[in-house]
Amino acid sequence: MNNNKKIGFLVSGITDEFTRPLCKGIIEEAANDAVDIIVIPVKYIDREMKGIPDLYEYQYKTNAENVMAENIDVLIVSADTIGCLTTKENIRSFIDGLKAKGIPILLAASRMEGYPGVTFDNKVGIIDGITYLVEELKIKNICMLRPLYNNTDIDERCEAFYETMDFYKLPVGPNAVITTTHSNDYESDCYRLMDLNPDVEAVFCVTDAVAMEFYKAMKNRGLVPGKDIKIMGFDNSISGSMITPSLTTIEASPEMLGRRVFKQVRRIMDGWDIGDSIVPTRFILRDSFGSFLNRVNVDEKILDKNYLDKYFHRVFFKFDNVPGSEGLETLIQFKTLLNVLIDYVNDADFSIERSAFLKQKLDDFLKTGALMYTDANVLLAYISRLKQAILDHFDSYEDKCHVYSTFSGLSERITLILRENVISHEKAMSESFFTLKNMVEDTLNFSKGDDESYTNIVSNLSHFGVKNAYVYIYEKPIIHKEKEPFKIPEKLLLKVAMTEGEIQVLPPEEQPINLMDIYSNPYITDSKYNMVLMPLYFRETLYGSILYDLTDITYDNGEFLANQYANAARVIDILNH
């Protein structure tokens, strides 16, 4: 039996861009500790069950009933994501209910009086971004677009906006701040902001998601983000880095926060009385500030050797999340490459030998794996700025051609590596799609409602990198309607156990498992594990839950898998009766 300490992590869902790196940070920091991590999605408290793909997703909240002092040693709660659609009073009531179970609780990216937490310093990055607008771009008319829901992060971001505007003595008129509606359709609110503020020069969107909608509204009116209106988001989402023009944003690194979270968990397990911990944020300059669209804004300091550290940390900002001195070699190679490049410009030596030497230094830099620590758009935009600054350094057409040729070679090398990474990812996603297709067919490929049929639920999980999976079924399905209380059975039936790839159908006498042993049943792997617990439900009926390894593919497809397994459990129950 596995006797490791059990760390529960209550999240909204596992598919969003915030939860995945947050989990990754926690898991990486816990790699050398004798602990098991169980991710427990509960979705959103008080979400209105209208106009969403799954009208019965409220069943996820029942997942919290699988948490008790007897099976969880420390509970991490992402309270602001779980409670983003409810009131502060209701999310506190939910957290207080968990505390009443006698489990030590640590909040992640949330702040609540009476509970220790790890949060972002939301204000630093926002202040830097607005300061750049005011001091570098000489912009004064700045508006804000914010979502209606409240949490500590959103509140702090808005406070930072008001405080920075006040610092620069810039007025915030009655129509300068627009609050969006609950829905994901912000289009009318975006138009309203532009109509009420015809002279707006820049807009701070409190989340990247809101910024994406503002892009759409601008383009519908024939306006260009970064040229007609500067846009700044918050979150550093993948979609924000890939949109055109790329979105200037604030990075609040979930991975870095996750690492800090587990450090605090470690202190709790050691008996420390801990308080709040703060993780910094970072301003990321991209095209939506017009920095790379307008030649006038090319930074003259980009060819100054005294500013190489500054540009390294701006471009390869993810190195800030790397502990210790692991990134030192990359920094050294970056500074070597740029020194060689600046000398190349100053000497105006365009010989074949000099060009080859420069390309060799680029290869040395790329071998350090630096491209993992930046966004493609940030890196390519930086190269574009370098090229423009160097071209401006020369007057003759012939010299400009030499510079253009050299930079084309550098850009092609970097672009090729980035493209290979994309192709590799797309291939993996394509293979995953066909595996999912086969899994759907195989999962329901049975004609009897016996226990052997439950093997169909776990038989294909190995294709997703899953070696351990445990199917828990309630003795009788439970009808649970929205907003009704839910009481989980004290005993579950462990129908099938897959341990290190070996599948066992348990005999009836060995199936009953106490709820307190759900994460440490007699068949569970002896190795330390990271798993996710998903509810098995079909509409108003709950059949049980499945606990299985959390892998890169199950992050993307975990909810889909759980839906298919729930369908299988439903069919088995129907055949059994």
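Visitor: Where does S288 lie?
Guide: This is a predicted model. In it, S288 lies in the loop between β12 (282–284) and α10 (308–315).

Visitor: Is S288 buried or exposed?
Guide: Buried. S288 has a relative accessible area of 0%, and the cut-off for buried is under 20%.

Visitor: What does the S288 side chain reach?
Guide: The backbone nitrogen of T248, at 2.7 Å.

Visitor: Which residues does S288 touch, not counting those up to four places away in sequence?
Guide: Y215, G226, I229, K230, I231, P245, S246, L247 and T248. Which strand is I142 found in?
Guide: Strand β6, residues 142–146. I142 counts as buried, at 2% relative accessibility.

Visitor: Which residues is I142 in contact with, leaving aside neighbours within four places in sequence?
Guide: I130, L133, V134, F161, M165 and A202.

Visitor: And how far apart are I142 and F204?
Guide: They are 62 residues apart in sequence. In space, the C-alpha to C-alpha distance is 7.4 Å.

Visitor: Switching to helices. At what angle do α1 and α16 pack?
Guide: About 140 degrees, with the axes 11 Å apart. Helix α1 covers residues 19–29 and helix α16 covers residues 552–576. That angle makes α1 oblique to α16.

Visitor: Left-handed or right-handed crossing?
Guide: Right-handed.

Visitor: Which residues meet there?
Guide: From α1, R20, C23, K24 and I27. From α16, D552, Y555 and D556.

Visitor: How many are nonpolar, polar and charged?
Guide: The contact of α1 with α16 has three nonpolar, no polar and four charged residues.

Conventions:
Residues are numbered from 1 along each chain as its sequence is written. This is a predicted model: local features need pLDDT of at least 70, side-chain atom pairs count only at pLDDT 80 or more; totals for chains, interfaces and linings use all residues. Side-chain values use heavy atoms; hydrogens and water are left out. Axes are lines fitted to C-alpha atoms, for helices over the stretch in contact, and angles run from 0 to 180 degrees between N-to-C directions. Helices (H or I, at least four residues) and strands (E, at least two) are DSSP runs, numbered from the N terminus. Angles under 35 degrees count as roughly parallel, over 145 as roughly antiparallel, 65 to 115 as roughly perpendicular and the rest as oblique. A crossing is left-handed if the near helix is turned anticlockwise from the far one by less than a right angle, and right-handed if clockwise. Contact means heavy atoms within 4.5 Å. Ala, Val, Leu, Ile, Met, Phe, Trp, Tyr, Cys and Pro count as nonpolar, Asp, Glu, Lys and Arg as charged, and the others, Gly among them, as polar. Buried means under 20% relative accessible area, exposed over 50%, partly exposed in between (1.4 Å probe, protein chains only). A polar contact is a pair of N or O atoms within 3.5 Å; within protein, one must be able to donate a hydrogen and the other to accept it, and residues adjacent in sequence count only if both atoms are side-chain atoms.
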